[in-house]
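Here is a short briefing on one protein chain. Please look over the sequence and the structure first.

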Amino acid sequence: CDRECRKKYFYTTYKKEAILRIKRFMNETLLDQIPALVDVQRALEEMSFLEPPSGTEEKFKSSLIIEQMPRIMASIDNPSRNWDGLVETTKRMLADPHSKMEDAQRVSRLFDQLLGMGDM
């Protein structure tokens, strides 16, 4: 490998292991068919003996931690949300038999549409 290329490529233990995985595919038949791979095989052999510089992984790790905040959690934690009103609305909806019937009909129509699409 070219020295300039080595300067630009950050060589870590993980990258070494990932690159050396292709070594198992290098066999005599392949090398006979594609002679340029002989140099690649030699470079892989050299790489297997080289150890990455110590501390490389830590040097290039980011100190920034990105954490996904789910939308549902953000809406639950919203202090301006009127939870008491939401509880009362939900109780009324669950207690009303007419509302239950409308929900059942809506679900039934949905299944009918899904089954109708399967016939297409």
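The points below cover the core, a surface patch and the salt bridges.

The model is predicted. Its largest nonpolar core has seven residues. A nonpolar patch lies on the surface, with about 460 Å² of accessible area together. The count of salt bridges comes to three.

**Nonpolar core**

- Y11, L20, M26, L31, L37, L44 and M47 make up the largest nonpolar core.
- Helix α4 (residues 37–49) gives the largest share of this core, three residues.
- In soluble globular proteins, nonpolar side chains tend to be buried together.
- L44 is one of the core residues. Setting aside neighbours within four places in sequence, L44 is in contact with I19, L20, I22, K23 and M26.
- Among these contacts of L44, L20 and M26 are also listed in the core.

**Surface patch**

- The nonpolar patch on the surface consists of I72, M73, I76, W83 and L86.
- Two helices, α6 (71–76) and α7 (83–95), each supply at least two of its residues.
- The largest share of the patch, three residues, comes from α6.
- I76 sits in helix α6. Its relative accessibility is 42%, so I76 counts as partly exposed.

- E45 forms a salt bridge with K23, and the closest N and O atoms are 3.5 Å apart.
- This pair links distant parts of the chain, 22 residues apart. E45 is in helix α4, whereas K23 is in the loop between α2 (13–20) and α3 (28–33).
- E45 is partly exposed, at 31% relative accessible area. K23 is partly exposed too, at 29%.

**Salt bridges within a helix**

- In helix α4, the side chains of E46 and R42 meet in a salt bridge at 3.5 Å, N to O.
- E46 and R42 are separated by about one helical turn, because they are four residues apart in helix α4.
- Are these two partners buried or exposed? E46 is partly exposed, with a relative accessible area of 34%. R42 is exposed, since its value of 56% is over the 50% cut-off.
- R106 and D103 also meet through their side chains in a salt bridge, at 3.2 Å from N to O.
- R106 and D103 are three residues apart in helix α8 (residues 97–118), so about one helical turn separates them.
- R106 is partly exposed at 47% relative accessible area. D103 is partly exposed at 33%.

Definitions and conventions. Residues are numbered from 1 along each chain as its sequence is written. This is a predicted model: local features need pLDDT of at least 70, side-chain atom pairs count only at pLDDT 80 or more; totals for chains, interfaces and linings use all residues. Side-chain values use heavy atoms; hydrogens and water are left out. A nonpolar core is a set of buried Ala, Val, Leu, Ile, Met, Phe, Trp, Tyr and Cys residues joined through side-chain atoms within 4.5 Å. Buried means under 20% relative accessible area, exposed over 50%, partly exposed in between (1.4 Å probe, protein chains only). Contact means heavy atoms within 4.5 Å. Patches are made of residues with over 30% relative accessible area and no salt bridge: like charges are joined within 9 Å, nonpolar side chains (Val, Leu, Ile, Met, Phe, Trp, Tyr) within 5 Å. Accessible areas come from the Shrake-Rupley method with a 1.4 Å probe; for residues, only the protein chains shown count as cover. A salt bridge is a side-chain nitrogen of Lys or Arg within 4 Å of a carboxyl oxygen of Asp or Glu.
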